[in-house]
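The report below follows the packing from one element to the next.

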Amino acid sequence: MNFIYVQVHNLLRANTMRLLITGICGFVGSTLAKAFRESSTDYKIIGIDNLSRSGSWINKEPLQKLGVEVRHGDIRQASDVLALPPVDWVIDAAANPCVLAGVDGKTNSLQLVQHNLQGTINLLEYCRSYQAGFILLSTSRVYNIPGLSHLQVKEINGAFKPIAEQKFPQGISLAGVSENYSTSPPVSLYGSTKVASEHLSLEYGATFNFPVWINRCGVMAGAGQFGHPGQGIFAFWIHSFREKRPLKYIGFGGKGYQVRDCLHPRDLISLLHQQFGEPLNTQKPRVINISGGVDNSMSLCQLSYWCENYFGSNEVIETDLERPFDIPWMILDPTQASHVWDWFPKTKIEQVLEEIAAYAEKNPNWCSLSLM
């Protein structure tokens, strides 16, 4: 067992650590809260959620039964944040996580900025007031789009793979996108709000002397995720197959060869334990990629084959539609996390898919709930 983890665990046994999780009724927030509760009863967990995401309200009562204090509030409102009691650490899991947000005609660009940037600013002011540590769950979509969209790829077994014999942009390799790849625009409005949040978080921490960690996460997935084509693509695809809802391959010839990595939120817990216990003056990098990596990645085409074997056939339409910000291959390289934190994803992609599929069978109308 990691030595720092043991130190933190022993501290928790003697002193209750107070955690604030934003977006606690969302998939990531609720999964983390449950995992923290399972790892130790010595956490005092408080959560805030505006319950705007369709279906999020169903997580409130189960969390409360676990002893989690759930407050209905909006982090965009400074008064709601200031009303929260002092804590030791804030984990910011609240965001509008869709790369098409603000440009799809369904969402408002100003609301996107308010959700993802103004909310973070209010939380940073809260951390400044109470000297609380801050952990921002960021995203793979902070990385420059043109360099990724112009990668030379080939199809192998129903999935795109970068051609090895090409000049890769700095920070990109066959292992994925590393932390030193460019975050310069364009990265989408969504990506820009997260980059801005990252910069402000680091500046606040350095200026006001509280710890800050930025965890750039791959595609989150697991049972209970609210399936949405622009967000929880693995859950959306599996639930749609289970409910026999027609699906579409969009972009890149309409074959579904585009690839993403997959990460279960509970695999963050071991890393978060270590970050809680790291000294303020540490020399460890403040920004790190956390993902399933190449070994836990899959194309939509491969996901369809998996679903067919599990649920039977379903209609998947090939289209010529192209969308802004789409990229053929996006895998975060978690090498630095393994070297610096001895962190590795524990939940294999097959386990994640099976977990979602089992949940889909128990909740046959999940798409109707989460797409309202």
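The buried residues of helix H12 pack against H8, strand E13 (259–263), E15 and H10, where helices (H or I, at least four residues) and strands (E, at least two) are DSSP runs numbered from the N terminus. Contact here means heavy atoms within 4.5 Å, and buried means under 20% relative accessible area, with exposed over 50% and partly exposed in between (1.4 Å probe, protein chains only). This is a predicted model, in which local features need pLDDT of at least 70 and side-chain atom pairs count only at pLDDT 80 or more, while totals for chains, interfaces and linings use all residues. Residues are numbered from 1 along each chain as its sequence is written, and side-chain values use heavy atoms, with hydrogens and water left out.

The residues of H12 that are buried are Ile349, Val352, Leu353, Ile356, Ala357 and Ala360. They lie on the same side of H12, because the arc they cover around the axis is only 130°, an arc being that of the directions from the helix axis to the C-beta atoms. An α-helix has 3.6 residues a turn, so residues three or four places apart point the same way.

In H10, the buried set consists of Leu300, Cys301, Leu303, Ser304, Trp306, Cys307 and Phe311. Their cover includes helix H8 (233–242), strand E12 (247–249), strand E15 (297–299), strand E16 (316–318) and helix H12 (349–362). After H10 comes Gly312, with a positive phi near 95°. The two helices are set side by side in the table, where the expected span is 1.5 Å times one less than the number of residues.

| Helix | Residues | End-to-end C-alpha span | Expected span |
|---|---|---|---|
| H10 | 12 residues | 16 Å | 16 Å |

A nonpolar core is a set of buried Ala, Val, Leu, Ile, Met, Phe, Trp, Tyr and Cys residues joined through side-chain atoms within 4.5 Å. The largest such core has 34 residues, and those with the most contacts inside it are Ile24, Leu32, Phe36, Ile91, Leu272 and Phe276. Helix H2 (residues 27–39) gives the most to this core, namely six residues. A second, separate core has 25 residues, among them Ala235, Leu303, Leu353 and Ala360.

Leaving aside neighbours within four places in sequence, Phe276 is in contact with Met17, Leu19, Phe36, Tyr43, Trp89, Ile91 and Ile135. Of these, Leu19 stands opposite Trp89 in E4, and strand E1 (residues 17–22) is joined to strand E4 (residues 89–92) by four bridges, the two running parallel.

The open sheet has seven strands in the order E3-E2-E1-E4-E5-E10-E14, with parallel pairing, two strands being paired if DSSP finds at least two bridges between them. Its edge strands, each pairing on one side only, are strand E3 (69–72) and strand E14 (287–290). From one strand to the next, the twist averages 20°. Helix H7 lies across strand E5 (133–139), strand E10 (212–217) and E14, and runs at about 160° to E5; axes are lines fitted to C-alpha atoms, for helices over the stretch in contact, and angles run from 0 to 180 degrees between N-to-C directions.

Tyr126, found in helix H5 (residues 109–130), is buried, with a relative accessible area of 1%. Not counting residues up to four places away in sequence, Tyr126 touches Leu20, Val81, Leu84, Pro85, Pro86, Val87 and Val90.
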